[in-house]
Amino acid sequence: MGPEVGGRARRESARSREQVTPRDALRGALLAWYRAERRDLPWRRTRDPYAIWVSETMLQQTRVEAVIPYYERFLARFPDVAALATADLDDVLGLWAGLGYYSRARNLKRAAEQVASEHAGRLPEQTDALQRLPGVGRYTAGAIASIAFDRPAPIVDGNVARVLARICGLREPIESASVKARLWTEAERLAQGDAPGDLNQALMELGARVCVPGAPRCDVCPVSRWCQARAAGDAADLPRRLPKRAPKLVHAVAALVLRGGKALAVQRPEHGLLGGMWELPGGEVGARERGPAVLARVLGERTGLGVARVERAGALEYAFTHRDLRIHLYRCEAARGRVRLHGWDRHRWIAPGSLGRLPVGTVTRRALAALGVCALRRG
Ligand code: SF4
């Protein structure tokens with residue numbers, strides 16, 4: 001018996017003499033279930049901190065199935081911190097197009113530059129140093145530290161919050177500061193021991209596949225014996241939430257503006273919603289505002305261009321988190337004159353068929369498809 005094995009045996013024997021607490025038992029059951037049942041996902045085949053960071057950033061607000069092709073394309077194109085740090089922002093946004101929440105991509109790129117210049121290209125292991133990187137909050141720092149570096153760092157995302165609220169029987173609205181603090185405390189108490197990264201992923205996996213919203217599958221749950229909500233019979237009602245406000249309906253116009261066979265594309269300012277992404281010119285209008293004259297006014301105000309031969313080209317709707325957007329689409333010809341932008345940083349005149357190759361968000365891609373100038377891309 002070698003010294004390492006002997007040391008492990010002594011530690012295990014000492015541990016077996018200690019009392020096993022309910023939390024230890026829950027942790028053991030959760031880890032055993034995860035190791036037997038976990039899905040084979042691309043980012044679970046690596047311990048590369050950079051790859052884990054990319055995956056965790058993409059997984060915020062986005063489903064696993066949607067992330068997989070983006071993750072694989074992104075890692076193939078930017079395989080390490082140095083590649084991302086030296087990349088062109090347009091290329092990064094182009095690979096992110098369709099995934100939404102584009103500030104994530106801009107922050108990832110800025111953070112890669114910071115890691116390259118301040119940490120010699122290696123992600124730091126400590127959560128406080130990780131949280132000093134743009135776009136890395138407590139959740140992402142905890143995920144990187146625990147999964148890539150085996151540090152006892154907690155994570156709380158939507159899945160983990162639901163699982164812990166049910167296990168602990170928390171019945172106050174989950175948005176309340178006291179419930180949030182309690183969730184982080186409980187997550188911290190669990191993310192200890194030999195495999196904090198596996199434990200954190202087990203909580204997320206349980207939330208995604210067993211302790212699901214609405215109808216939790218308590219009959220197959222590995223931690224049901226420690227679950228207060230199951231014992232009380234109100235698991236399906238937890239977590240409680242504050243009532244949501246109905247999303248506001250916003251109307252907008254947008255147009256394929258042509259001149260000499262080229263179409264006008266405009267780029268949003270780097271900071272703010274959809275920062276750095278390209279789109280068709282247009283803007284918000286009042287609920288009852290419609291028609292060529294309204295489009296001409298908006299384009300005049302925001303591009304300085306006069307327009308002629310305006311044609312309606314349908315409408316599309318898109319639901320953001322806090323608002324529903326209805327966009328009225330047009331085609332038109334631009335009169336002579338210089339483009340003077342208000343609210344965008346840059347413009348380009350580009351062949352209509354190439355518009356879809358710019359970094360554009362989902363709404364613009366759908367508008368281009370509705371206008372017949374690019375196909376919708378899936379995945
Ligand atoms: Fe969730 Fe039910 Fe398991 Fe409790 S017993 S953690 S409610 S699936």
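Colleague: How many cavities of 30 Å³ or more are there?

Modeller: The count comes to three cavities of 30 Å³ or more in this predicted model. The largest cavity has a volume of about 90 Å³.

Colleague: Why is Arg309 called exposed?

Modeller: Exposed means over 50% relative accessible area. Arg309 has 67%, so Arg309 is exposed. Its place is in strand β5, residues 307-319.

Colleague: What makes the phi values of Asp150 and Arg309 worth a remark?

Modeller: Most residues other than glycine have a negative phi. Phi of Asp150 is near 60°, a positive value. Arg309 has a positive phi of about 50°, and it is not a glycine either.

Colleague: Which peptide bond is cis, and what is its omega?

Modeller: The bond from Leu238 to Pro239 is cis, with omega near -5°. Most peptide bonds are trans. Pro239 is in the loop between α13 (228-232) and β1 (248-259).

Colleague: What makes a group of residues a nonpolar core?

Modeller: The members are buried residues of the listed types, such as Leu, Met, Phe, Trp and Tyr, joined through side-chain atoms within 4.5 Å. The largest core here has 82 residues. Tyr50, Trp53, Met58, Phe74, Leu183 and Leu206 touch the most other members. Helix α9 (residues 138-149) gives the most to this core, with eight residues.

Colleague: How do you know where this core lies relative to domain 1 and domain 2?

Modeller: Domain 1 (46-153) and domain 2 (154-243) both give residues to the core, so it lies between them.

Colleague: Which residues is Met58 in contact with, leaving aside neighbours within four places in sequence?

Modeller: Met58 is in contact with Val67, Tyr70, Tyr71, Phe74, Trp96, Leu99 and Arg104. Of these, Phe74 is also one of the residues that touch the most other core members.

Colleague: How much of the protein chain counts as buried?

Modeller: Of its 379 residues, 48% count as buried. The secondary structure comes to 15 helices and seven strands. Along its principal axes the C-alpha trace spans about 85 × 50 × 30 Å.

Colleague: Where is confidence lowest, and where is it highest?

Modeller: The mean pLDDT of the chain is 91, and 94% of its residues reach 70 or more. Confidence is lowest in helix α1 (residues 3-17), at a mean of 48. It is highest in helix α5 (residues 81-85), at 98.

Colleague: What does the model have for residues 1-6?

Modeller: Over residues 1-6 pLDDT stays under 50, and the model has two contacts for them beyond four places in sequence. Where pLDDT is low, the predicted coordinates should not be read in detail.

Methods: Residues are numbered from 1 along each chain as its sequence is written. This is a predicted model: local features need pLDDT of at least 70, side-chain atom pairs count only at pLDDT 80 or more; totals for chains, interfaces and linings use all residues. Side-chain values use heavy atoms; hydrogens and water are left out. Buried means under 20% relative accessible area, exposed over 50%, partly exposed in between (1.4 Å probe, protein chains only). Helices (H or I, at least four residues) and strands (E, at least two) are DSSP runs, numbered from the N terminus. Domain bounds come from an automatic or database domain assignment. Contact means heavy atoms within 4.5 Å. pLDDT is the predictor's confidence in each residue, from 0 to 100. On a 1 Å grid over the protein atoms alone, a cavity is a set of points where a 1.4 Å probe fits but cannot get out, and a pocket is an open set with protein on both sides within 12 Å along at least five of seven lines; lining residues have an atom within 4 Å of a point. Grid points are joined across faces, edges and corners, and a volume is the space filled by probe spheres set on the points.
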